Amino acid sequence: MMPLFDFPGGIHPPENKAQSSATPIRQAPLPPQLHVALRQSMGNAARPCVAVGDRVAKGQLIASADGRLSAAVHAPTSGVVTAIAPQPFAHPSGLPELCITLDSDGEERWIERQPLHDWPQRSGAEIRDFLAQMGIVGLGGAVFPSHLKLGISPLETLVINGAECEPYISCDDRLMRERADAICDGIAVTRHALQARQVLIGIEDNKPQAIAAMQAAAAAHGFSVVAVPTKYPSGGAKQLIRILTGKAIPHGVRATEHGVQCFNVATVYAIGRAVLHGEPLISRIVTLTGAVDAAANVEALIGTPLDQLLALARPHRDSHEAVMGGPLMGFTLPDLAAGLTKAGNCLLVKSPALFPPRPPAQACIRCGDCASACPVSLQPMDLFWFAKAKNFDKAQQWNLFDCIECGACSYVCPSQIPLVDYYRFAKSEIWAAERDKNAANLARQRHEFRQLRLERDKTEKAQRLADKAAAQAAARQTAGHSVAANLAPGADPKQAAIAAAMARAAAQREAAPVPEQHSSGLNDAKQAAIAAAMARAAARKTAADEAKAASGQPPAPPPQSSGLDDAKQAAIAAAMARAAARKTADDEAKAASGQPPAPPPQSSGLDDAKQAAIAAALARAAARKAAADQARANQQPDS
């Protein structure tokens, strides 16, 4: 017989287990509608992966885990999703939670189940990932995702918790009596995943039938079943490890660091059903007890309305409320329309006769009974003062979070102070402050990243503009060097810049086509009109001179010189001749095609002297333009 150890503190309240443990587990009827909460673990709520109107099969994934501490959710039965909306939730706050409402079709049609038949050849990591997909969580009340507890191997000792120490609760007792072989199958899978050297199954000695059933089933696997003294809260993980191994797990240290890990018997049963049968966690055993006529343990689907479950036990007429959990660690349900969760191990109906009202709290008398009962060796009276004064920093320094909220201190307090309520309040406030701090840090990080991004964009834009300006400057410098290479050594830099500008202008003129035009800037039609006018004026002058000669008058003096040299006069005459030739060619072409010739130009109404003056002015303008073009051509350097 192996030696046992003891933990400090503890109490011995009335057990009240026989009422519900006397009868076998029975199956709860299939409800017509289930409200499956998406928050089924201590972490984030799962994310729905179905929509309203979808038809689902039993065991089908309907919500995937969202984060490390979240748990996947599966359909407890086959049916149709009719709503995804907030519903009443089993929590002390009474706040609603997002739920998937499923109308059952009564067919209980399963998905194709895929168990891990080759689990002895699978690694611990593979089994861990499989259990995460199956939504397995701790069924002892903490609902911690079970796959996270399989992360460290090899292990010295695997402890299986069958103590079930809290009064009234007997679901684990009946499970061990009736399904000991299935529990041991799940223990074997867990042991393989952790590579544990030994397995110790601890059961309180007030459950002799469960101890006998487990010893018979464990013999084939080599597991050790140990009867431990009945004392509350021996079912705490650290307390049971201390009893069985003598190892005291200190503050802030995980049990795995001492080579030990602890699982509840219902949890390893669910692990066995998942690995060996491909069944996700969609149901659990629930104790129905208290002020009822038919206390019992029932296997109910997750999401079953709690009021329908309680109706199976036939509550007394004077019952006024129900507690989820036991009388020490449970909480009063704010709404019985909530669906059953994976944490719901017991529904305890209260009545004034069975649970008389608690007397009003009085002042603390510093008796020290709470410190003597604390199984974690804390100072409950000091934590109470820190929580009441909202001195949360001091409460943390006094190891507030080591408190397992077992309620032993409240149970023995002669002043009837609800100590655990104060501890829960302090913890919630600290968690809220931590969430606010994390949110503020996240907002600050986002702001700093935005500022960094804006500064980066500004710098990149400035760099692009600088690169573009540098490229343009390099192009201009290259063009300047090309021109300067053709200048005489020692030339003025300003002259070089002017030459470069003239070179760029010349290149632009060469790139853009320039329409051909006469040196005078006039088209052929205007040139021809001017030539015809000049010819008519010359004819009229000749006729006038002949008339004057015949009458004995002296001829008109010759016109003043236009100031044009012979070359320019010749250019004007050549232009007029070209215009006349083009006009003649156009007239002949029209005559050949049968078109009437162009009408003669209308007389301008000017006398010969004015016509001659106009012609002379046009000739001078043409001469000036020709001279300017020639001067610009002479100024352009060779490229």
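Modeller: Quick definition before we start: axes are lines fitted to C-alpha atoms, for helices over the stretch in contact, and angles run from 0 to 180 degrees between N-to-C directions. Helices (H or I, at least four residues) and strands (E, at least two) are DSSP runs, numbered from the N terminus. This is a predicted model, where local features need pLDDT of at least 70, side-chain atom pairs count only at pLDDT 80 or more, and totals for chains, interfaces and linings use all residues. Residues are numbered from 1 along each chain as its sequence is written, and side-chain values use heavy atoms, with hydrogens and water left out.

Colleague: OK. At what angle do H3 and H7 pack?

Modeller: About 50°, with the axes 9 Å apart. H3 covers residues 171-178 and H7 covers residues 265-277. The two are therefore oblique (under 35 degrees is roughly parallel, over 145 roughly antiparallel, 65 to 115 roughly perpendicular, the rest oblique).

Colleague: Which residues make the contact?

Modeller: H3 gives Asp172, Leu175 and Met176, and H7 gives Val265, Ala266 and Tyr269. Contact means heavy atoms within 4.5 Å.

Colleague: Switching to strands. What does S5 pair with?

Modeller: S3 (residues 47-48) pairs antiparallel with S5 (residues 61-64) over two bridges. Two bridges also join S5 to S6 (residues 73-74), again antiparallel. Pairing takes at least two DSSP bridges between the strands.

Colleague: Which residue is the partner of Pro48?

Modeller: Ala63, in S5. Leu61 stands opposite His74 in S6.

Colleague: And Val349, buried or exposed?

Modeller: Buried, at 2% relative accessible area (buried is under 20%, exposed over 50%, partly exposed in between, with a 1.4 Å probe and protein chains only). Val349 is in S17, residues 346-350.
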